Amino acid sequence: MTRPFTVDLGWATLLAKLQIRPADLLRRAALPEDLFLRARPTLPPDAFLRLWGELTKDLETDAPGLMLAQAVSPEVFSPPLFAAYCSPNLTVAAERLALYKPLIGPLVLEVHDTPGGLEVTYGAEPGIDLPAEFIGAELTFLVNLARLASQRDMRPIAVEMVEPPASQAYTRFFGRPIRKGPFNRVVFTLSL
């Protein structure tokens, strides 16, 4: 079992934005109802994924990861999000996310400037299987962040997932279909 993760400060604001009662969600996930009120709340990976799973059940959509990622905005304060918004460009924002995201979930990001563009690859800590919708949410989150921060309709040049979601809503959001491949990744052109 891996270490526990700090519960991101943005959860309470995100739930309010989605009109989900935190106490109800936490009860269904078999977690303490005061979790979001604690000074330094933490969760082990299995509890984190249980919370995620219950949250996606509350959303009445065939693309809950997409809906969640698009609900994250600057007013949803989160240290990793704040660090990314304070970046001079998308490469630095992605590198900061790669540094901070593992503190708040079982996610590992790798950032590479390749001849084909800026590539951000998403994976999990060893022994953890992340749901496809979770990965879809993370890929969507990064593209949405790039759009909000740049005030441009940034479209990745490639989106790939080990298990692409069935919903066509992701294709519409990204502006291209998600290819099935050996990695979960998004690639942006270097001319950002």
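Let me start with a definition: a residue is called buried under 20% relative accessible area, exposed over 50%, and partly exposed in between, with a 1.4 Å probe and protein chains only. By that rule R38, at 39% relative accessibility, counts as partly exposed.

Now the ground rules. This is a predicted model, where local features need pLDDT of at least 70, side-chain atom pairs count only at pLDDT 80 or more, and totals for chains, interfaces and linings use all residues. Residues are numbered from 1 along each chain as its sequence is written, and side-chain values use heavy atoms, with hydrogens and water left out.

I'll take the sheet to begin with. Helices (H or I, at least four residues) and strands (E, at least two) are DSSP runs, numbered from the N terminus. Two strands pair if DSSP finds at least two bridges between them. What is the strand order in the open sheet? The five strands run β3-β4-β7-β5-β6, and the pairing is mixed. At the edges sit β3 and β6 (179-180), each of which pairs on one side only. Between β3 and strand β4 (residues 117-124) there are eight bridges, in the antiparallel sense.

Contact here is heavy atoms within 4.5 Å. Axes are lines fitted to C-alpha atoms, for helices over the stretch in contact, and the angles run from 0 to 180 degrees between N-to-C directions. Helix α6 lies across β3, β4 and β7, at about 155° to β3. Helix α7 packs on the sheet as well, touching β3, β4, β5 and β7, and its direction makes about 15° with that of β7.

On to charges. Side chains of opposite charge can pair when their charged atoms come close. The cut-off for a salt bridge is a side-chain nitrogen of Lys or Arg within 4 Å of a carboxyl oxygen of Asp or Glu. The whole structure has 13 of these salt bridges.

Which parts does the bridge between E138 and K101 tie together? Their side chains meet at 2.9 Å, N to O. E138 is in helix α7 (residues 132-150) and K101 is in the loop between α6 (90-100) and β3 (107-114), so the pair links parts 37 residues apart in sequence. E138 is buried, at 10% relative accessible area, and K101 is buried at 11%.

A salt bridge also joins R185 and E160, at 3.5 Å, N to O. R185 belongs to strand β7 (residues 184-188) and E160 to strand β5 (residues 158-161), so this pair connects parts 25 residues apart in sequence. R185 is buried at 15% relative accessibility, and E160 is buried at 8%.

D34 is partly exposed, at 36% relative accessible area.

Last, a residue from the loop between α5 (79-85) and α6, namely S87. Is S87 buried or exposed? S87 is buried, with a relative accessible area of 15%. Leaving aside neighbours within four places in sequence, S87 is in contact with V92, A93 and R96.
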